[in-house]
Every structure is written in structure tokens, then in C-alpha cells.
Amino acid sequence: MAYFTVDFAMRPHRRQPSPSIFHRIRRLGGYLSVLAWFFVAAKTGSALNTNTVYVYRCDFGEEWDIDYDGWPDRWVRNSGPENPHYVSIGIQEDSEVEGGHCLRVDLDGAAASIQSAPIRVISRFSYSLTAKLKNEELKHSTAYLTFDLCNSAGQVVQSVRSDSFSTTNGWIRVHIPPVEPRDASTDHAVIGLHVVRGLRGDLKGRVSLTDLRVFREPRIDVTTNNPCNVYIDRNDVAIECALSGIREQRPMIEFRLLDGTNKELQHEELPLEGRLIENLAGKRKGSTNAEEPEGYEGVLKWRPKIPDYGFYRVVIRMKGTEAGAEAGTAAKENPKANAQESLADRQVDIVVVPPLPMPEEGEFGWSIPNGNEPLSLSVLSKLLPKVGINWAKVPVCYDTSKGDNGDEMMRFIEMLSASNIDVVGVVTRQADKASAGKKGQVSRELSMGDVLSQDYTAWSTALEPVITRLALRVRWWQLGRDYDATLFGMPELNERVEELRTALFRFGQDVHIGFCGDWDAEETYPGDVKWDFVQLAMQSYPTDKELESLLAKPRQNSALRWIVIDPPYVADFQPPPSELDAAVCSPTIPHLAGAAFLVPAWILSEMDMPRKAEATRIARSSAFVHRLVNAKLSGADGIMIAKPFNDENGLMQANGFPAELLLPFRTTAAMISGAKYLGRMRLPNKSPNHVFLRPDGQVVMMLWNQEPTKEVLYLGENVQQVDLLGRATAAPRRRREQVLQAGPTPIFVLGLHEAITRWRMNVAFETNQVPSIFSRPHHNALAIKNYFPQGVGGTVKIVVLQEQEMNGLTGRPDPASFALDRWIIEPPSATFQLAAGAGTQFPFDIKLKSALYGAQPIRVDFTIEADERLEFSVYDEMNVGTDDITLDVRSRLDKDGNLVVDQRMINHTNRLADFKCNLRCRGLRPQRMQVYRLGQDMDLKVYRFQHGEELLGKEMMLDIEEVNGQRVIKYRFVAGKNPRSEKKPRADQRGLADKDEKEKESKVPRPLARIGS
């Protein structure tokens, strides 16, 4: 009986950028150091891992063909249409290999498959396989080995395979690394040789196999007391290390706790008390020993001391005993026999999440992979409520032909529903019955476009049992897997979706149907449509500009818009090579102790890796959070993580362990999920921000800045800072005001006073432009509105932030130069009484006595009597100047060391004007210029000062006064520090800007005043 299933097909593998030459050389240095240790070990007489034991060896010699029929005893040949009998397989002589024999396959244009006799294994050990393989004249075919673990009934419970090989250059060694049995019923193993035919066969192709060796190795299993390794209590983390098959009874187990940058936080070594494993088996064919050696097994638990919430890694290593008189004596007598090589390190990634309230409703969701892997449904039901999502897209179908009635799925759906998570049932392709079930073939995939193009009666019967059982609990259904956009572009799509709705949901359930689509194809179906939602994604990872452009696209139809946001890749945030990386190219660099002590450069470069790892983690997390927030600002109805479980850029790893981006995602979702966007708040130092009103009534602000910046203002009484890990602390205060430290890493500020926030965000001046005409009043007005739920009264005062106030606000030292007179605000203050929701205006005049050209900061102070007395300030700016004059000033050093100041002016009016220009620097004679008949063509004036290096960093003042006019421009700048342009120049300014764009601008703080009109 055919049935629908869910198989999340991954997007094409994203090619990672090639590592730089510095990273390659540093990696090579690491390899050389490891090789050096091997040479030292060989010189001191240490052996390879003495825990390794041969359990099987086959070289196809005479003992493997007792009846001399040319076929290895107890080996099995798989027969069928794909593996015909006319392919010759048998033992042949080959002088190039030890033992002189091999098993050879002469393809004759077909394929072949052979399996070994059962090899006894036990689940308490791990097993590896090596073999020699030689392929000749394979042009279309490939060969590979398999190592299958089976139970006593012969059923394969676990299978691994080697790489595939075409023609080889003589004999090569094929290796399958240690396999740890996952099923306790594992009884034996079978080795398989498989030759797969391509589109064409190889008539003369030959595949030869010999020297098969199976090794029994110690097994180390590391588990935790939490199946998904996501903890709430940092004191509840427990690591369990189980060892079996070791030759030493009391080995030392080393535990190391690392943070997200691989910095070691804790290191402890504990002895494991091993108990003897009973004799496993006597001698059997292929065993190198008369009797397999006995070993030891044991379990050790360790509780790391987690210092705080965050992402951590525990590394476990087994070491030989280093103490004990008896062991020391034995080591002296026979050091080679007692040498122990450490087993391969095991590591466990864990996350300790802070106690954040999860949203009851919101846009964020995950797509869950097929079946119970990597985590079972019962484990997922405990994990998903902790990660901040309200949507989970899961495979809801099951195979009724096998007696699966979906009870586990029903429990899973009910548990998620109790945690405010809506389940979206995902229905994908149907297996092609013409090819399904054939050995060696993969069933042909049918996209949802293929399925819906058929008559629904051909496949709807497979869905009816599932729909009947689940439709009362699952209200949302997605047709097709993520990134399957084949439905978009179908003719009569509305009609086909309506037919499907009628056929499957004919019992009157209130269900919502949707599917995935492409951004460009959304315009194909404008207006009202029959589907309820569409999930939009790109097949390739979009850049920031591409994503911004997509999010800005207007909606085309009535369907809800769900958006896939892929987390960024680590490779995209690798820092550029530093001087230390460049030093790797040199053999040695002097150590601080003196030139006589030389340290390889790559060692110092490796020591710098934690800092670089931290920078990469912060930049990657910040970029991801910005993408999530931008999707929220676009009005997306759903924000989906399509592949949360993957090793390249997942929130969880492919094995189910947490990854680094889980905490930033969880924090962002917990802060803004379901929230209403209020806008941006003007802060004293202009840090960018977004303000949201959450469903629980709390106001939260996301805050960041490209440069470390301090913002000081009153936000409320119970304000908390929440970092991207979700750690909440009370915001520091300076008297009644909060002190927020903004930087490149976003933070969330929770608990803002709603009425004050709305009041502050809606204060507006009638105009923010002040003509640069002195000694004449310029009329303006301030509009305010009461957002308190009651009537209020109070006072308002406008304060122009002069030089001293501005320096105190920004934290910059007072330059003590070019002191300016204050502006005159008349009247400077007023009183008001406002009912709830009412607004008013405060008219005033501005008179300039001596004001700088450009944007100047303004502060409006409010004192309000509501349920209590509140004082807060609103920050804005006034632009001094006129739209008809553009001024651009740049400074630089010329080749002779002179400071050159370029002054460019454009008059945008039709009236020509003359200007007197005076450039001053404290301690130097002023330089004067005159601009004649300035029109719409750019005018350039050049000032030169000798000994320019001495002037760099000093303030300069440019006074420009209109001749026979009222306009006066006062512009202050710092020599050598040119501002970066934030806007593209207008068409009439391009000539002014083209030349400057070619000049390399230094990364320096902005001047105290902005240039431009």
C-alpha cells in the first residue's frame, strides 16, 4: 500500500570558501607538530594503540577455499536482474599482494554484489575495517565496500560504507573508521563488495579485493542526562563516560570544559574503575589469536562547573595510568607493552538557557526533519517549548499498512499544543511504485507539482486515514517540502487547491492550506487566492542586500506570507588575516624573552584563535539576529528556520546537539515574537534601535551601534538589559537615568515605560531646518500628545545642547577651542494640561547668535504629573543652513607635508552670490578666500598650511559670510578627519563627489558637526 511520507531534501551543498594561504600554512604547522610527536613516540619505544585486536582477516589464500572450487568458503553472491550470474567472480592469483591471492570480479558490462561470511561482534566494542582494492578499466562503474551490523536473525540494524572508487592506480588501501554499534541486539557483521553499473557497463572492467581486516577497538560512549543537551539549570549538567574493551583496568579519564571560543574553563582527571569482561569467544576462522583477550569496562560520571548561561563544550579523553607503584614497575620492565595511546577525543556540546518566558503567540517556527531522527518525538516535545517557537512543521503521516495508528504523533501534537505551538502538517511526494522496493535503486521523487497534476483519486486514498485522524488537531497543512516551489506556475492552481481542500477536508474542519514558493513567482497570482499561506525562500543563501530587497516587496495576494530565514555560515564571518597570520609565512619570530629563544609563528597564531573565534561568533550571531528582526519588520506572518538540524548553519547539529546560534535565536524570539512594531526612538547619541510592544504589555527595544556608544536617558523604573544569550540584568543607572552601552552586538532593553516611550517617539518639530541667518527670529513649533491613560499636566523646556553639554553627553574631552554663543529660544519653556489621548502645540522662535553649520543636537525636557511625577527628555536635532547652498570640506596632507583643505560650494538657486571665507586654526594666522558669483557649478577653493603633520587632529573653523546678504555659515572640523558620506549625492552634486570617492578615507570618528545642507 502506497503512503505519503516526508523526506526533507536538503538544498544543494553550499560550497564553502577556500581557506586562505595563512590558514593552510597554520594547519600544516599543526600537522607537522603531530608528526613530530609520532617521531618522538617511535624513538622512545611506544607502540600503536595496544587496545586494538584483530578479530578477522581474509586474504583468500588456500585456507579460504578448502574444496578448491575457486569460491571463498561461506561467502554469498547476491543475485538478481541488476547482478546477473554471467559476471565472473572467483579467487585468482596475484603476485603483487602478500599471500598471492585475491577475489576478482570480471564485470562483462554488468554489476555485482558479494557478501562475506558472518563475523561475530559484540555491541560493547567498536569495529573498523581495512581492505586492499584494485579497479581496472572502470569508465562507467564504481566499487565500494560496506560493513553491515546484523542481529541474530540476520537483519541489518546498522550499515556504513566506504567511498566509491573508479579506476585505481594499482592496489589501494580502503578504510572504514571505527563503527560503534547502536543496537544492543547486534550479533555479527558482514562485509560487502558492491560494484555499481553506471548508465553504461564496462565490458573489460575488473575489480579485485584482498587483505580484509576487521579490528576490535575499545568503545567509548559519552552521554548526558539530557537527550538534547539543552539545560535550564546549570547545576544539573552531568556527563557519563562508558568505556569497554580497554586493556587497562584503571585508566585515567580527562575531562575538559570549554566555552564557545574553546577557552578552557575546567580541567579534571579521574580514574575509571574497570571490571573484567568475560571471555568473549574461542578461536574462530580468521582470528589472529588462539583466544580473544579479555578486557575491562566501566562507567564514570562527571559534573562540570558551568559558570553561567551559554554555549559550552565538554571534551573527554582516555589516558593511561600515570601513577601507582605496580604500574610503574611494569612500565620499567616492558615499556612497550604498557604504553597506551589516548583514544580519539569525544566531545559533547551543551547549552544552558536562561529562564526567559516563552511567547504564547508569534511568528517564529522550525521545520522538523523526517521521523524520529536525530531526536525522537518525545525528546522534541520537551525541546521545542524551550526554544521560543510557536510553529512546528512536522511529518504527520504514517504507514497504516504496518499497523502504525499514529498514537505517538498524536501525543506529540497534543504536547506541543499545550505549549502554545501550532503544528503544521507537511505532506510531500509519494514514492513511485514502479521503482520503489527494487534493490540498488532509489524511488523516483515526485514533487507536489507532479502530484497535483494527477487525478486526485490516484493518491488521495493514501492520505485519507491520516487526515481523518489528525485533521481535528492539525489546522495547518503544507503541500510539499521546503524549497519545493513546483506548484507556483501551475495553470489553474486555484482550482486544484480547491479540489484538494474539498477532497481531503470534507468533514467541515477549519483548516488552512499552503505551500512553498519562489519570491519572483508570487506576482503570478494576484488578488484573492484559494490557499491560506505561502512560504517564500531562495534556493541560494541571499546577501544582506538581496534579502532586504526581497523583504521590501509588496504583497501580491491574500495569502499569508511566511519567510524562510537561513542562519549564516561560519565561513562567511572569518576575520581577515592579521599581522600575526602573516608571520606564519616566516619560519620563526623572536619571543619576548629575547631573540635567542625562537617560537614558531604558527604557535602564536593558534594562541590568538580564541579571540578570533569570539569575534566570529559575535559577528555571526549579530548578523543572524538582524535578519530575524528585519523579517519581523517586513510584516512576515511566519519566520521559519527550514533546516534547524544541520552541521553547516543549523541551530542544532545534525546529531541533535545544540549549536552556537540556538541561544541568539531563542532570545530574539522570546523578546519580539508576536510583538507590534512601534518604530525607532531618537537617542542622545543616535544609536540605531527598534521598539516593540509585546503581547504581554511590555515594551522592548533592540539597541546596537557600529561603535561602542553610551546612551544615557530615563526609560522607566524596572528596565532590564538582555544580551543575545538571554542573560538579563538590571540596567545600570546614573541617578534616575539608565546607562546603556550600545555596540556592534545587539542587546534587548526590556521594561520601557510605554506611555513615555510613545510620547517620546511622537514629539515632532514643525520644521527641523533653521536658516543660517543670524540675529533674526525663525518661527517654529513643537507638537506633543498625551499617551498616558489619564489626564496629565506639566512643563516643557527646549534646550540647545551647546559645546560643554554636548561633550558631556558624548563623553569626548572638551577641546577648549572656538567657544560658541548660545542660541536664543523664546519662550524657552511652557506649561500644558492634556486629557488622555489629547495633543497640543508649543510655539516658539529661534534666534541664532553664533551657531555651527549642519545638524545640531536639541533636547526637550518634560516634567509630567500623572499617577506620579515623571521627568524625561526627548532628543532631536536642528539643521542649521539652507537647502540652496551645499558645502563640502575635506583635508589631507600633500606630498610636501602641507595640510591641504579643499572647500567646495554649490549654489542651487538662480541668483548668483558672493561669499567671504575665513579659515582659522588656533595659533596660526587665518587664511582668507573669496567666492565670486557662485552659481550651480561647483566652486573650489584650496587652503594650504605648512607643517601639516603638526595640525592633524586639531580643530579648525571655517567662517563663510554672504556679501550683501544675510547668510552666514560657521563650520568646525578636525584636520585630517573626513566624514563618510551616508547618502548618495544628488545629480547636481555628483561632480563635487566623484573626485572624493576616489580618495581613501580613514576609519576615524566623525567630526563634531556634519557637513552638508
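Colleague: Is Trp-366 buried or exposed?

Modeller: Keep in mind that this is a predicted model. Buried means under 20% relative accessible area. Trp-366 comes out at 0%, so it counts as buried.

Colleague: Which ring forms an edge-to-face aromatic pair with Trp-366?

Modeller: The two ring centres are 6.2 Å apart, with 90° between the planes. Planes over 60 degrees apart count as edge-to-face.

Colleague: How many residues apart are Trp-366 and Phe-645?

Modeller: Trp-366 sits in strand 22 (residues 364–367). Phe-645 lies in the loop between strand 31 (638–641) and helix 13 (662–672).

Colleague: What kind of pair do Phe-842 and Phe-844 make: stacked, edge-to-face or tilted?

Modeller: Phe-842 is buried at 7% relative accessibility, and Phe-844 is buried at 2%. Their ring centres are 5.7 Å apart. Stacked needs planes under 30 degrees apart and edge-to-face over 60. With the planes at 35°, the pair is therefore tilted.

Colleague: Over which ring does the charged end of Arg-161 sit?

Modeller: A charge counts as over a ring if, among other things, CZ of Arg is within 6 Å of the ring centre. For Arg-161 the distance is 3.7 Å, and the ring is that of Tyr-144.

Note on methods: Residues numbered from 1 in each chain as written. Predicted model: local features only at pLDDT ≥ 70, side-chain atom pairs only at ≥ 80, totals over all residues. Heavy atoms only, no water. Phe/Tyr/Trp six-rings, centres within 6.5 Å; stacked < 30°, edge-to-face > 60°. Helix = DSSP H or I, 4+ residues; strand = E, 2+ residues; numbered from the N terminus. Buried < 20%, exposed > 50% of the residue type's maximum accessible area, 1.4 Å probe, protein only. Lys NZ or Arg CZ within 6 Å of the ring centre and 35° of its normal.
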